[in-house]
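Colleague: I have the model open and would like to go through it with you. Could we begin with the overall fold?

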Amino acid sequence: ITEGLTGGAIAAAGLWMGGIILVLALAGIVEWLARHTPGSVVRGLQVGIGAKLSWQGLIWMGGLPVLGGDSWLTVLIVGIVVFWLTRRKQPGLLLAFAAGFVLLYAVQPNAITGMRFKLPELFIHWPPSSAWSAGLFAVALPQLPLTLLNSVLAVCALSEFYFPGRGIASRKMAASVGLMNLVSVPFGGIPMCHGAGGLAAQYRFGARTGASVIMLGLLKIV
């Protein structure tokens with residue numbers, strides 16, 4: 001949806017999206033949508049997104065050779081190992097993540113040896129006035145239904161399914177999406193949202209408590 005747009009337009013879209021969703025959360029409209037949106041619509045969206053992501057993954061894999069370090073053989077081995085470890089309730093995906101760095105060093109050692117420690121430089125990147133219209137009409141408004149359904153309603157419904165009685169309120173989830181865009185985009189961050197697929201994957205591969213989110217945050221900081 002952002003193909004051909006400038007960085008300013010994408011940043012403006014993130015600010016539009018953050019502002020709109022935050023207003024919908026504070027006004028209670030998100031809670032009204034959560035009560036009146038059929039569960040079949042949310043599930044259908046999850047299936048559609050999952051199918052699209054799976055198909056895109058197959059497209060990316062289509063260009064790989066059959067043999068070699070970065071190949072279909074590697075994909076098959078990793079898939080079998082992750083499946084086997086997960087069935088035994090072991091952190092298979094975490095091991096696959098670590099193995100990815102080993103593979104990266106074997107195929108492109110400069111990507112690892114060339115790493116240097118550097119603190120981030122923070123600057124405010126405010127979109128130019130000419131980018132706001134494109135950001136609103138080309139990105140924010142077309143993306144709004146998907147963001148509300150998958151990043152708010154579906155995540156909340158899934159959290160209640162996994163953790164009965166402790167599910168996340170739709171108003172809090174929407175406020176989180178809005179605030180993280182309004183805060184991060186001016187510093188150069190890309191528009192972001194939560195996702196039901198991410199929650200489902202993390203839960204499936206062993207994340208059960210808040211410690212998993214702390215671990216993820218620390219890894220990203222490092």
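Modeller: Read along the sequence, the protein follows the pattern α-α-α-α-α-α-α-α-α-α. That comes to 10 helices and 0 strands, where helices (H or I, at least four residues) and strands (E, at least two) are DSSP runs numbered from the N terminus. This is a predicted model, in which local features need pLDDT of at least 70 and side-chain atom pairs count only at pLDDT 80 or more, while totals for chains, interfaces and linings use all residues. Residues are numbered from 1 along each chain as its sequence is written, and side-chain values use heavy atoms, with hydrogens and water left out.

Colleague: What does the C-alpha trace span along its principal axes?

Modeller: The span is about 55 × 45 × 35 Å.

Colleague: Let us turn to helix packing. At what angle do α1 and α7 pack?

Modeller: Helix α1 (residues 7-26) and helix α7 (residues 132-162) pack at about 50 degrees, with their axes 8 Å apart. Axes are lines fitted to C-alpha atoms, for helices over the stretch in contact, and angles run from 0 to 180 degrees between N-to-C directions. The two helices are therefore oblique to each other; angles under 35 degrees count as roughly parallel, over 145 as roughly antiparallel, 65 to 115 as roughly perpendicular and the rest as oblique.

Colleague: Which residues of α1 and α7 meet there?

Modeller: On the α1 side they include W16, M17, I20 and L24, and on the α7 side L136, V139, L144 and L148 are among them. Contact means heavy atoms within 4.5 Å. The residues of this contact divide into 17 nonpolar, 3 polar and no charged. Here Ala, Val, Leu, Ile, Met, Phe, Trp, Tyr, Cys and Pro count as nonpolar, Asp, Glu, Lys and Arg as charged, and the others, Gly among them, as polar.

Colleague: Now the cysteines. How many disulfides are there?

Modeller: The count comes to 0 disulfides, a disulfide being a pair of cysteine sulfur atoms within 2.5 Å.
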